[in-house]
Amino acid sequence: MGDGLYANTKRQLKIRKGIGAAAGYDAARAQTLVVVLLRHYPVKIYKQRIISPFIADFYCASAKLVIEIDGSQHYDDDGAAYDLERTAYLESYGLRVIRYSNREMDREFPVVCQQIDSIIRERRS
């Protein structure tokens, strides 16, 4: 992904009215950040992919990677237990599950991009 792809993504976000200037931060904005980024990524990553009986936020088949963007509901006891069960199920199929909070997406977007890119490259090699 590197600086070029992140910079291009940043430009695209400025073009989309309201995204770059949104005062609050929510799951829709986090998802939008990733969608804009992945539009320029050379490896196909699907949004909202059904991996029965679950729906992954993002899925890269060639890297067997599930990318989840977690809102606050994932951090209470029920949400955390559900995520553990879900992750175990997906991992039983050889998938790797990575999770980022909305806060990480907002404050550390370039780092998140680099981590996703690194994991995809590692798992595809």
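Arg 86 and Glu 68 are both buried in this predicted model. The two residues form a salt bridge, with the closest N and O atoms 3.1 Å apart. Arg 86 lies in helix α3 (residues 77-91) and Glu 68 in strand β3, so the pair ties together parts that are 18 residues apart in sequence. Side chains of opposite charge can pair when their charged atoms come close.

The structure holds 3 salt bridges. Another joins Asp 83 to Arg 99, with the closest N and O atoms 3.7 Å apart. This pair also links distant parts of the chain: Asp 83 belongs to helix α3 and Arg 99 to strand β4, 16 residues apart. Asp 83 has a relative accessible area of 7%, so it is buried.

Arg 121 is exposed, with a relative accessible area of 53%. Asp 117 is buried, at 10%.

The largest nonpolar core has 21 residues, and Leu 65 and Ile 120 have the most contacts inside it. At least two residues each come from α2 (27-39), β2 (54-60), β3 (65-70), β4 (96-101) and α5 (109-124). The largest share, 6 residues, is supplied by α5. Beyond its neighbours within four places in sequence, Ile 120 is in contact with Tyr 41, Val 43, Ile 45, Cys 60, Ala 63 and Leu 65. Another core, of 7 residues, lies apart from the largest one; Ile 51, Tyr 59, Leu 90 and Leu 95 are among its members. In soluble globular proteins, nonpolar side chains tend to be buried together.

Met 105 lies in helix α4 (residues 102-107). Its relative accessibility is 1%, so Met 105 counts as buried. The C-alpha atoms of Met 105 and Asp 70 are 9.6 Å apart, although 35 residues separate the two along the chain.

Overall, the protein contains 5 helices and 4 strands. From the N terminus, the order of elements is α-α-β-β-β-α-β-α-α. Of the 125 residues, 41% count as buried. The accessible surface comes to about 7300 Å², and carbon and sulfur atoms account for 50% of that area. Among contacts between residues at least 6 apart in sequence, 58% join residues at least 24 apart.

Key: Residues numbered from 1 in each chain as written. Predicted model: local features only at pLDDT ≥ 70, side-chain atom pairs only at ≥ 80, totals over all residues. Heavy atoms only, no water. Core = buried A, V, L, I, M, F, W, Y, C linked by side-chain atoms within 4.5 Å. Buried < 20%, exposed > 50% of the residue type's maximum accessible area, 1.4 Å probe, protein only. Contact = heavy atoms within 4.5 Å. Areas by Shrake-Rupley, 256 points an atom, 1.4 Å probe, with all protein chains shown as cover. Salt bridge = Lys/Arg side-chain N within 4 Å of Asp/Glu carboxyl O.
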